[in-house]
Amino acid sequence: FLGSRQNYGHWFHDFIPKFWILDQFDSLSELPVLVGKLTEYQKESLELMGKPLRQFIELPQGAESGCTLYKCKDLLVPSEIPFGLSDQYIRSVFCRDDYGPKNRRLILSRAGLGGRSRVSNEDEIVNELTQQFGFEVIHPERLSVAETIALMQRAQVVVTTVGAQTS
């Protein structure tokens, strides 16, 4: 059982690394994996990892919070993976060396996220960085997982606020 979270950052740093444990044992590689309802970006990330979606059993929304009781003959729950190891695993699974030179300067905008995610003076920051230093404005919520990975692999500098988009 892996559970799941809708939050992009938690999915990549809390759940994806648990596959490292499963990958260590051939006997575990074909077992079904119970997860919460998967989002499109979660499905894409699993496909990029080479994990067949047929291996995943999606539990009804809310089931991972204890609203539903499931009886299992055997259930394995991978432990949390220490951050350094989880970061290594994520890089080994998603990052390649063939993305090209690291020469792009990026600003990850939060303008499309609205509400509390919005930076009050983002327009001023964006204007200064694009005009003075040649930065590109990127809206991560519009990108697929594969596009995000490729873009970050080519980044020389990334300017952003702390949040799930920095995963």
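Two strands are said to pair if DSSP finds at least two bridges between them. The model discussed here is predicted.

Q: What makes β3 and β4 a pair, and how do they run?
A: Pairing needs at least two bridges. Three bridges join strand β3 (residues 104-108) to β4, and the two run parallel. L108 has I138 in β4 as its bridge partner, and L106 stands opposite E136 in β4.

Q: How do you know that β3 also pairs with β5?
A: Four bridges join β3 to β5, and at least two are required, so the two strands count as paired. These strands run parallel. The bridge partner of R105 in β5 is V157.

Q: In what order do the strands of this open sheet lie?
A: The order is β4-β3-β5, with three strands and parallel pairing.

Q: Why are β4 and β5 described as standing at the edges?
A: β4 (136-138) and β5 (155-159) each have a single partner strand, so one side of each is left without a neighbour in the sheet. On average, neighbouring strands of this sheet are turned by 35° against each other, direction ignored.

Q: Which helix packs on the sheet, and which strands does this helix touch?
A: Helix α5 (residues 122-133) packs on the sheet and touches β3, β4 and β5. The direction of α5 makes about 170° with that of β3.

Q: How is the packing of α1 with α3 described?
A: Two packed helices are described by the angle between their axes and the distance between the axes. For helix α1 (residues 8-15) and helix α3 (residues 40-48), the axes come within 10 Å and cross at roughly 35°. The crossing of α1 past α3 is right-handed.

Q: Which residues of α1 and α3 meet?
A: From α1 come Y8, W11 and F12, and these meet Y41, Q42, S45 and L46 of α3. The residues of this contact divide into five nonpolar, two polar and no charged.

Q: Which residues of α3 are buried, and against what do the buried residues pack?
A: Y41, Q42, E44, S45 and L46 are buried in α3. The term requires a relative accessible area under 20%. The buried residues of α3 pack against α1, α2, β2, α4 (83-94) and α6 (145-153). After α3 comes G50, whose phi is positive, near 80°.

Q: Why is the contact of K51 and D23 called a salt bridge?
A: Side chains of opposite charge can pair when their charged atoms come close. The side chains of K51 and D23 meet at 2.6 Å, N to O, and the cut-off is 4 Å, so the contact qualifies as a salt bridge. This pair links distant parts of the chain: K51 lies in the loop between α3 and β2 (56-58), D23 lies in helix α2 (residues 18-23), and the two are 28 residues apart.

Q: Where do E40 and K43 lie, and what joins their side chains?
A: Both lie in helix α3, three residues apart, about one turn of the helix. An α-helix has 3.6 residues a turn, so residues three or four places apart point the same way.

Q: How many salt bridges does the structure hold?
A: The structure holds seven salt bridges.

Key
Residues are numbered from 1 along each chain as its sequence is written. This is a predicted model: local features need pLDDT of at least 70, side-chain atom pairs count only at pLDDT 80 or more; totals for chains, interfaces and linings use all residues. Side-chain values use heavy atoms; hydrogens and water are left out. Axes are lines fitted to C-alpha atoms, for helices over the stretch in contact, and angles run from 0 to 180 degrees between N-to-C directions. A crossing is left-handed if the near helix is turned anticlockwise from the far one by less than a right angle, and right-handed if clockwise. Contact means heavy atoms within 4.5 Å. Ala, Val, Leu, Ile, Met, Phe, Trp, Tyr, Cys and Pro count as nonpolar, Asp, Glu, Lys and Arg as charged, and the others, Gly among them, as polar. Buried means under 20% relative accessible area, exposed over 50%, partly exposed in between (1.4 Å probe, protein chains only).
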